[in-house]
Amino acid sequence: MKPVLELIDVTRRFGGLTAVNTVSTCVPVGEVRGIIGPNGAGKTTLLNLIGGQLRPSSGQIIFDGADVTGQRTDIRASKGISRTFQNLKLFRDMTVLKNVMIGLHGGTYAEAMQALLRNPRQRREEDYILQNSRRALKTVGLEGYESQLAASLAYGHRRLLEIARAIVSSPKLLLLDEPAAGLNIREAANLVQLIQQISARGITEILVEHHIDVVMTACQRITVLNYGRLLAEGSPEEIRNHPDVIEAYLGRGDIHAQVMANA
Amino acid sequence: MATRRVDFSATEILVGRAVALAILIAAPLVNGQLYFIHVMALAMIAAISALGMQLLLGFSGQLSMGQAAFFGIGAYTSGILTKNFGVPFLVAFVISGLAAAISSLTLAPITRLRGVYLAIATLGFTIIVSLVLRNEEWLTGGSFGLMAIPRPSVGPLVLSEKGIYFLCLLVLVFVYVAFNRLVDSRFGRALQAIMLDEVAARSSGINVTLYKSKCFVIAALVTGFAGCLFAHHSRYLNPDDFSFWKSIEILIMVAVGGIGSMAGAIIGAFVVVLLPEYLRAVEEWRLVIFGALLILFMGLGQSGIVGLISLTLFRARAALRKRAHGLPRSGSVSP
Amino acid sequence: MQPSQLVELAVGGFATGAIYGLIGLGFSMIIRSTGILHFAQGEIMMLGAMFGWMVVAWIPLSFVVVLLIGMLFSGLASALIYLVVYRAMQVRDIPLMNIVIATIGMSILLQNVSMLIWGSEPMSYPKFFAVETYRMGPVHISPQVLWVFALGFGLMILLQAFLAFTRTGIALQAAAQDPETAQLMGVDLTRSTALTFLISGMMAGAAGVLLGSMFFASFNMGFIIGIKAFVAATLGGVGSIGGAMLGGLIFGLIETFSPQWISSGYRDAVGMTLLILILLALPGGLVGLFSRRS
């Protein structure tokens, strides 16, 4: 079976800085892949390249067998790549339900004319959007919050909302950018469960995370970046004991190093 | 741009709409003065263009200063077609809207521009169009204006002042209903998403540039219709009426009525058109007042008049609730 | 066209360009430090013209003094408007777009209040300059045009020096580029923004007096010229003062020579078309073209 995602020598430069340097990897269908690395390693940039928020300076990105390297973000989203954002990009002034409904824009069709006519197909589609959005909210545990404004939610719930918006379209690939940031231990544990639930539905996931516990528990394979380059790749066990990885963290005097050493 | 959420219960909305419609239908029957009917029709025409502006500003976050251009294109297209070429009114009506909509396609590349730059680019567009209207005398009559535009007619029936009034009302109701449907749909949600967070909108599969352009086309279409109605209502067109001041006037209507509310656009339009009629005594202060109102409403961050109404109702509801709960609870345990 | 006519027109274009530059740099400074497109900038220029006219109608003074007084008044007006209105909105976290709309309201307000105060008739400045033109060979140049050009560019160069070489100026630049860091380094953002508005207002006021002395002062002179000054600023590169100077110069020339190829009725259209083209094709302006950006 072809991999969901294939990166071939993907590079991204910003002026003189090479944020991502010839990174190549393959993510098979159904995997939960973690991307870790010290600060500034290029993790979020890599996610932006996969999601289409940035274009690579060189290299190729193959999604589901098709070359999407130059493809616009919205087309990629319609083809099945969804994501959450490091600093949360919710539609703050919209209700929780509406936020999730937007997540289904990609696979639906009603345009202005259909909205005006309210023909049966449009009404069926709206119903479909509504039902699936409610289902997604239930999956992440936010069913009671439908009509609240996104801005009024507690932080942990806002993170869940973004995940709901991303999974409602049943994407082929879900990109999670530091989904555990700012979560307490209980919330983080729930997040790991959610990630596994999503994976059980057949959705391939890639998560960038600093929360080592989350990565080690939720991911089947981990890619380590350092200074934009791929440093190591392997199972959580292999990565935990990988000398290069430990050095990358330790050598920085990073707090993560100690966590890594004790993980 | 974020707008403060304005909350009305379903009942309040229904009642509000019913009352407004009743008033508008009854008005010319109650007060038969021609001048009154004339001004009310003008207000409704303004309301139609304000609705177009609201779709752009309040729902997709695009500050367009180009609405006057579409208004003018619609007006002159219909005026010229009916007067010089004998085109029947209904046909001219449709063509005016289309002409304005097509002209908005030239602005498609501009929709890429951000906030203030979009505003000034569309302002430039308005100036260019108004210069064309003024300079091309052979077509538009130039600064002498376009005169003796025929009355609107449906077949052999020529519309009277009252007839024009009800025609405008019909178009207004139609556009209002249509826009409400647009907004409460996948299309409308996409627009709002674009307004609130473009990157997130893209990442959810929304083709931002396409939707922004569609929004412009729709807004231009209805503004073109409004222009056509204006031409046959006033029966005389002067390029001065379609300068950037008109665009600013339309902005004021939306800002004063409430950004983000379709009803607000209509209310704002009525305020802007009717207020000067009642403030005849302070005619020269009219624009000073509008300028100050604009600053005030933007500064208060309120959603304009609609926001004020909502706030008042909210407080009234809260006060009623307090009074209701002021009664002693039944079944309380006595010490 | 005769070469002498060419020179005469060019000098006229430079003078117009100086005026656009003075107003345009105000746009640039304000947008760069606050993100606000100050629609009322043209009206600030108009206020300068009006104040200058008022002063010289009562007391006969030399041109430079009138210029300075006009500058002072409009600078203060601009800073005051910022402190009382825009800053009040910023403090309450009002979205930027609302503030920009408020500047449109301010523009309307200032225009119409001016009309109420000074009437709708355009008002002429007294003749400050000798009527006989200077001659350099076949070229005739009116002293007025030369003065406008010299004073206009002189002021802009002085401003550049102020910003580059004085402590306050450098702090101002820093605050515009990176408000948060500047704040951490002890720069008071409110003060520096108020100063930005003050300087923008002063430059616009100078333009007003210069323009008024060349033609006349009237309540509605601000809007179109304001938009054109914005075109100049965009042509040069929004946010850059040198860019506003350069853009002003070039745009002044373009406008002055445009009657050669298009009818005078479409003169304003030149600026508007140029604006749209620049925004679409070259958003960083000429300055953006020359500086290396990643």
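**Strand pairing, domains and contacts in the predicted model**

In strand β5 of chain A, D67(A) is the bridge partner of I62(A). The model is predicted: local features need pLDDT of at least 70, side-chain atom pairs count only at pLDDT 80 or more, and totals for chains, interfaces and linings use all residues. Residues are numbered from 1 along each chain as its sequence is written, and chains are lettered from A and ligands numbered from 1 in the order in which they are written. Helices (H or I, at least four residues) and strands (E, at least two) are DSSP runs, numbered from the N terminus.

Strand β4 (residues 58-63) of chain A pairs with β5(A) in the antiparallel sense over two bridges; two strands pair if DSSP finds at least two bridges between them. Both strands belong to an open sheet of four strands in chain A, with the order β2-β1-β4-β5 and antiparallel pairing. Its edge strands, each pairing on one side only, are β2 (17-27) and β5 (66-67) of chain A. Helix α1 (residues 43-51) of chain A packs on the sheet and touches β1 (5-14), β2 and β4 of chain A. The direction of α1(A) makes about 60° with that of β2(A). Axes are lines fitted to C-alpha atoms, for helices over the stretch in contact, and angles run from 0 to 180 degrees between N-to-C directions.

Chain A is divided into domain 1 (1-80 + 171-263) and domain 2 (90-170), with bounds that come from an automatic or database domain assignment. The centres of the two domains of chain A, taken over C-alpha atoms, are separated by 26 Å. Their contact takes 12 residues from domain 1 and 12 residues from domain 2; two residues are in contact if their C-beta atoms, placed from the backbone, lie within 7 Å. On the side of domain 1 that touches domain 2, α2 and α7 (185-200) of chain A are the elements that give two or more residues. The largest share of that side, four residues, comes from α7(A).

Between chains A and B, the contact takes 27 residues from chain A and 26 residues from chain B. On the side of chain A that touches chain B, the elements giving two or more residues are α2 (73-79), α3 and α4 (112-117) of chain A. Of these, α2(A) gives the most, with four residues.

I102(A) lies in helix α3 (residues 96-102) of chain A. With 29 other C-beta atoms within 10 Å, I102(A) is buried; a residue is buried if 20 or more other C-beta atoms lie within 10 Å of its own, exposed if 12 or fewer, and partly exposed in between, with C-beta atoms placed from the backbone. Not counting residues up to four places away in sequence, I102(A) touches F91(A), R165(A), R189(B), A193(B) and S204(B). I102(A) and V168(A) are 66 residues apart in sequence and 9.2 Å apart in space, C-alpha to C-alpha.

In chain B, I128(B) lies in helix α5 (residues 115-135). I128(B) counts as buried, with 21 C-beta neighbours inside 10 Å. Leaving aside neighbours within four places in sequence, I128(B) is in contact with A269(C), M272(C) and T273(C). The C-alpha atoms of I128(B) and G257(B) are separated by 28 Å.
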